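Here is a short tour of one protein model, told in questions and answers. Keep the sequence and the 3D view open as you read.

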Amino acid sequence: MRWWRRRETGTMVGLLLLCVALFIATPYFATVDNLRNVAEQSTVIGTLAIGMTFVIIAGGIDLSVGSVVALSGVVLAMTLRAGTGAAIAVALALLVGAATGAVNGALVTIGRLPPFIATLGTMSVARGLALLLADGRPISGFPDGLRALATARWFGLPVSVMVMLGLFAIAQLVLTRTVLGRFTFAIGGNAEAARLAGIPVRGYTTGTYVIAGVSAALCATLLLARLNSAQPIAGIGYELDAIAAVVIGGTSLLGGSGSVLGTLLGALLMSVLRNGLNLLGVSSYIQQIAIGTVIVSAVLVDMALQRRLRHTPS
Amino acid sequence: MRSLALMRVLGVLVAGALAALTLAACNRGGDSAAAKPVVALVVKTLNNPFFIEMEAGAREVADSLGYELLVQAPEREIDVERQMQIVENLIQRRVSVLALVPNGSRELVPAVVKANGADIPVVIVDTRLDAATLSAAGGRIATFVGSDNVDGGRLAGRFLVEALPSGGQIAVLEGIPGHETGDARLTGFREALASAPSLRIVASQTANWERDQAFTVTQNLLQAHPDLEALFACNDVMALGAVEAIAAAGRTDRIRVVGFDAQDDAQQAIREGRMAATIAQNPRAMGRLAVLSAARLLAGDTLPAEQPVPISLVK
């Protein structure tokens, strides 16, 4: 595909333009320290949005991820406090994420619930479980093992950024080079046609929700490392930020098309925008207007593109 | 097909330009003021009049001193990570002093440590950081400006002890669990009530500092406890939600509602007899003292570890 036809090009240009605007507007933006800072800040939503990309490409939506961040974070914190090593604690958190994803998948494929309703339900259940487990309070005071994820650097880059980039690279490979990826696009494009073509739609659809759950658990791990605490009320509204990153990245909410590379750019764009607005000391109210405007513009363009695509032979 | 891709590029260009314009518009005057000291005040949220009052107080002093004041807050009070991002970004902005009302007593400690690393003095306002976590992380703050919330809770408790000499049932609306302010107010409130065994707390639930949640929670409490005599809410925003629910149930005359913060709306409700009392915290004075502290820090003064802002009962 020619570069200008790639779905990510628009996002890339938008991101670059925003960076240039900030470079001109403030001397504090284009410093090594600040760029490192922005990259670090994008890791939380970026990681969460990886799984969301899979779900949305397959034609679904997952509203539960914010709550799953809280639930897996609480499990992670409690396990760490119990004195197991970090590896076991993270593995358990990932398991919790995968399990909630499997429940979402089952509700959507076997229960035939619309994804919006199914994940709205698990959003509430997972939040309740997190509050119940943590007794409503933040959990802190565990060994420093995981803190390195937020503080250490490799070759000048924060470890959290390396981890996120690694995850995006894996996701990109899975989506473009494996059967799972091809089937995800096929299901999102036309689930019925995919079924008739012999694709095990239920299994692979569930797979996308499991990926979303695992992403949420990874996000919880990064969050715990950053704040040195796990909160049962963490992640409220994160599902919307993740959806925004996916959509800004050019993935269609109608399913069947999109890319994780675009999502990475979308997450970076949101972080850069928020960072820039903070650096400029823009009022918190206007910040929300600016962020909303960018999201809506991105979707408007995407929808126009979708219409053209359907009517124009390429 | 080329026009198609072009359209997408153009669209995002427009979005970017819009954002850039917003930025430029808001930044006007920022550059000419580059030499002024910049004080950042990061509050929990701007959805609560308490913090808007605090901002007003801070702005009074900042204007009179010729300082630039940046006031920022996360969209959601519960979004601790976003508040941390704001602090990180303001560190990059190289503000002269950071005044912070932390959204999490432990969770914001890493952010304070980062400010320490950048040699930006930190003034903590209103909500304390957890001292043990702070010292374990090697962080330090220049001073704490705020009221003693335990004292305020005691005042509220004593008021109800006196108002209900023959005892009765009390419901409590808590803030977000783990928030130091709410916890401290509850501690003081319970302490004061301990002297009057005939007063019983029959229900204590969180409404997460929010008015609409307080409304719903109170509606449910009213169903469960028909003999309720009083309700204490850990802030006025929740107290006002409770007042609405109580009015809707037609029990305004029978239930005394005590809030916290003495917001205008709450004082109005007290004058109209819909609410019994509130605790005046004076956020404006906190904002003023925060910026004054910043000025003294910039002048090289050492500040007392605690700078109390007086607290009083309004009824």
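Q: In what order do the six strands of the open sheet of chain B run?
A: This is a predicted model. In the open sheet of chain B, the pairing is parallel. Its edge strands are strand 2 (68-72) and strand 11 (306-308), each pairing on one side only. Neighbouring strands are turned by 20 degrees against each other on average, direction ignored. The order is 2-1-3-4-5-11.

Q: What angle does the direction of helix 2 of chain B make with that of strand 2 of chain B?
A: Helix 2 (residues 49-65) of chain B packs on the sheet. There, helix 2 touches strand 1 and strand 2 of chain B. The angle between the directions of helix 2 and strand 2 is about 165 degrees.

Q: Which strands of chain B does helix 11 of chain B touch?
A: Helix 11 (residues 283-298) of chain B also packs on the sheet. Its direction makes about 160 degrees with that of strand 5 of chain B. The strands touched are strand 1, strand 3, strand 4 (122-125), strand 5 (143-146) and strand 11.

Q: Why is strand 8 of chain B described as largely enclosed by the rest of the structure?
A: Look at strand 8 (residues 228-233) of chain B. A residue counts as buried if 20 or more other C-beta atoms lie within 10 Å of its own. Strand 8 is largely enclosed because, of its six residues, the number buried is six.

Q: What is the handedness of the β-α-β crossover from strand 8 to strand 9 of chain B?
A: Strand 8 and strand 9 (residues 256-258) of chain B run parallel, joined by three bridges. Leu231(B) stands opposite Val257(B) in strand 9. The chain crosses from strand 8 to strand 9 through helix 9 (residues 236-248), and the crossover is right-handed.

Q: Is helix 9 of chain B roughly parallel or oblique to helix 10 of chain B?
A: Helix 9 and helix 10 (residues 264-271) of chain B pack with their axes 9 Å apart. Their angle is about 40 degrees. Angles under 35 degrees count as roughly parallel. Therefore helix 9 of chain B, relative to helix 10 of chain B, is oblique.

Note on methods: Residues are numbered from 1 along each chain as its sequence is written. Chains are lettered from A and ligands numbered from 1 in the order in which they are written. This is a predicted model: local features need pLDDT of at least 70, side-chain atom pairs count only at pLDDT 80 or more; totals for chains, interfaces and linings use all residues. A residue is buried if 20 or more other C-beta atoms lie within 10 Å of its own, exposed if 12 or fewer, and partly exposed in between; C-beta atoms are placed from the backbone. Helices (H or I, at least four residues) and strands (E, at least two) are DSSP runs, numbered from the N terminus. Two strands pair if DSSP finds at least two bridges between them. A crossover is right-handed if, with the strands pointing away from the viewer, the path from the first strand over the helix to the second runs clockwise. Axes are lines fitted to C-alpha atoms, for helices over the stretch in contact, and angles run from 0 to 180 degrees between N-to-C directions. Two residues are in contact if their C-beta atoms, placed from the backbone, lie within 7 Å. Angles under 35 degrees count as roughly parallel, over 145 as roughly antiparallel, 65 to 115 as roughly perpendicular and the rest as oblique.
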